There are 2 protein chains.
Amino acid sequence: MKRKITLKDIARELDVSISTVSKALKNSEEISRDTKEKVQAFAKLYNYRPNNIAISLKNKRTKNIGVIIPDIVHHFFTTVFRGIEKFANARGYNVIVCISDESFDKEVINMEMLANGSIDGFIMALSAGTQLKNDYNHLREVTDQGIPLVLFDRVTDEIACDKVVINDTEAAYMAVEKMIKDGRKRIALVTTEGHFNVSVKRAEGYYKALKDHKLPVDEDLVLTLPNTYDNEGISKAFFEKIDIDGVLCVNEIYAVRSIRHLQDQGKKVPEDVAVIGFTDGILSKLANPSLTSVAQHGERMGEMAAQLLIERIEAENPYEKDPVYRTEVIKASIVERESTNN
Amino acid sequence: MKRKITLKDIARELDVSISTVSKALKNSEEISRDTKEKVQAFAKLYNYRPNNIAISLKNKRTKNIGVIIPDIVHHFFTTVFRGIEKFANARGYNVIVCISDESFDKEVINMEMLANGSIDGFIMALSAGTQLKNDYNHLREVTDQGIPLVLFDRVTDEIACDKVVINDTEAAYMAVEKMIKDGRKRIALVTTEGHFNVSVKRAEGYYKALKDHKLPVDEDLVLTLPNTYDNEGISKAFFEKIDIDGVLCVNEIYAVRSIRHLQDQGKKVPEDVAVIGFTDGILSKLANPSLTSVAQHGERMGEMAAQLLIERIEAENPYEKDPVYRTEVIKASIVERESTNN
DNA sequence: GCCATTCACGAAAACGGTTTCGTGTTGATA
DNA sequence: TATCAACACGAAACCGTTTTCGTGAATGGC
């Protein structure tokens, strides 16, 4: 058990002042070559490392960034996180992760916990609870204090800050358009309920593609699933009574289940029905047939979010009166596999 | 832009000393009711929150724990992480995550970055690189400094510390035994190369189950895949030339691919061949047929790791001469689904 | 009216660094 | 020999808390 050594320890041992030690270790011109060598040798020998906390306190920079996401056991958020971690680490930042679990309260608690000096800035995706409550005071408090904030994916217009989003509407549009061009005429949409989230934007793209290509919009072809885990029965019933030749699903789980339900009815994918999902994760790659999917490039999104945040943190004058906030769009792309004809 | 308010600010405004403010906010008996009310009201009005960094420096406790994992885009690690985060958060700890990316160097750098005061303890799973190199000096340095460390899943006997592991060998044994009891006689094993990792323990269970049930061990039935992503061709070829009625795979990806390769050859799962995988993730649930799988209960593992760590951090005498370290075993269980007959 | 408590508060050290601003010594210069 | 700059270093403030100890004033008992 060798305790951590401090500047004071070195100073005492070498019979110099703390300031001298500090300067010597920074190779300051002020200190003679002799002293510098002596101090540096001693520091190396005893494996001296400056205490991060003390440094943070002194320069009011922690080199930590706080990430608050609704869920971690979720492919998309996981990839975004990897992007954040990668970029942040390369720039010498550490990442503190909190999971809001889709709850407004947890989101608030987590932010407050971190906002008191623990981090230099936040990256977050709003929890479902927050979007539902439509209450963003905790975000406002943070930005009011001058703490940089970057929102990604699940954002809100209520808060002025940097944002990173996906072109969901266009991606859904492209996906539907692809099926239409492949000759599909009755295309279903499987989405989630809630008026706040990305599903809405994807639905918009779906409707717009139909309209632009003069296909009728039939609300019977739209299945809106509740945000629970045991909604499989509902979707099974849906596919039993519907006659379609294409499906767009807002995530890959729904897509894989759709395939299964279709196959259970003797329909062939993609011959009879084409299926496209969102979230190009492991499921899409390994489904049978493998799934044509809208890739959201989460890792790029994370990198971008981290870049925006760190730029803001390290900006010359962080307390500008009217900063110009950016909204970066990460373009989704369609990865074609077996569940559609190409 | 309202800046953060400090004790000093309050003291100045109310014309009392900093110590008085500090005590008043802690409801100290030393301070008169009048003063306490005045201070508390003022603090509330201006939304005073003590600075975490200053507190950390003072009591040498950061209330942060460092988690170093090889990969985050991986169902098992993700669930473990959720368990850690959940438990830690409930106890008032924040979690700093670093991803080693299976690299020894990154693992070392990350540890050094965090070991200088940023965290109160580590939870980690060894990177493949570290296991390969068999170099644990960075861990030893940390424990030598008295920083608590908990290893999970990928552990080593070289380091004395608390550990959380899975009974991999027994789980594999149980899985193979189940197939044998179902009448399977030629059971294959699909595993990964490397002499260090959990695959070895699972293989042990596989061999032992065969021997205990007097089934011949045939090395032709064992497929060892390289740790690359494009090893699908190899496994396809394997299944084409082999005649089996059961397969144990060391992860769910291999299991799903095995199913597909078998189906491609006209074999039926589970009628002709039973398949069992490890890692009871989303793939197992949504595969077609759904996959019987060894659930590793990652979340429980994470909670246990966090519990062990926090107990160690908060122990009365952290610098015991000879602490008794614990190794907790999280028991895996088999989740039966369609890929085996039950 | 004097002394001993109790009360209510402040001064200061400490945590571990960084940084500004002296200051004593040296050598060169006039 | 007096003056001055350069040199090498130290004292002290500071970051924002906590906590120990000291102290002046009010109060009580006699």
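**Core, contacts and surfaces**

Q: What makes the largest set of 172 residues a nonpolar core?
A: A nonpolar core is a set of buried Ala, Val, Leu, Ile, Met, Phe, Trp, Tyr and Cys residues joined through C-beta atoms within 7 Å. Buried means that 20 or more other C-beta atoms, placed from the backbone, lie within 10 Å of the residue's own. The largest such core has 172 residues, and V67(A), I123(A), A305(A), V67(B), I123(B) and A305(B) have the most contacts inside it.

This model is predicted: local features need pLDDT of at least 70, side-chain atom pairs count only at pLDDT 80 or more, and totals for chains, interfaces and linings use all residues. Residues are numbered from 1 along each chain as its sequence is written, while chains are lettered from A and ligands numbered from 1 in the order written.

Q: Which residues does I123(B) touch, not counting those up to four places away in sequence?
A: Contact needs C-beta atoms, placed from the backbone, within 7 Å. I65(B), V67(B), I84(B), V150(B), F152(B), A305(B), A306(B) and L309(B) qualify.

Q: Why are β2(A) and β2(B) called paired?
A: Pairing takes at least two DSSP bridges between two strands. Here 3 bridges join β2(A) to β2(B), residues 94-99, so the strands pair. They run antiparallel, and V95(A) stands opposite V97(B).

Q: How many residues does each chain give to the contact between A and B?
A: Chain A gives 43 and chain B gives 43.

Technical notes: Contact = placed C-beta atoms within 7 Å. Helix = DSSP H or I, 4+ residues; strand = E, 2+ residues; numbered from the N terminus. Buried ≥ 20, exposed ≤ 12 C-beta atoms within 10 Å, placed from the backbone.
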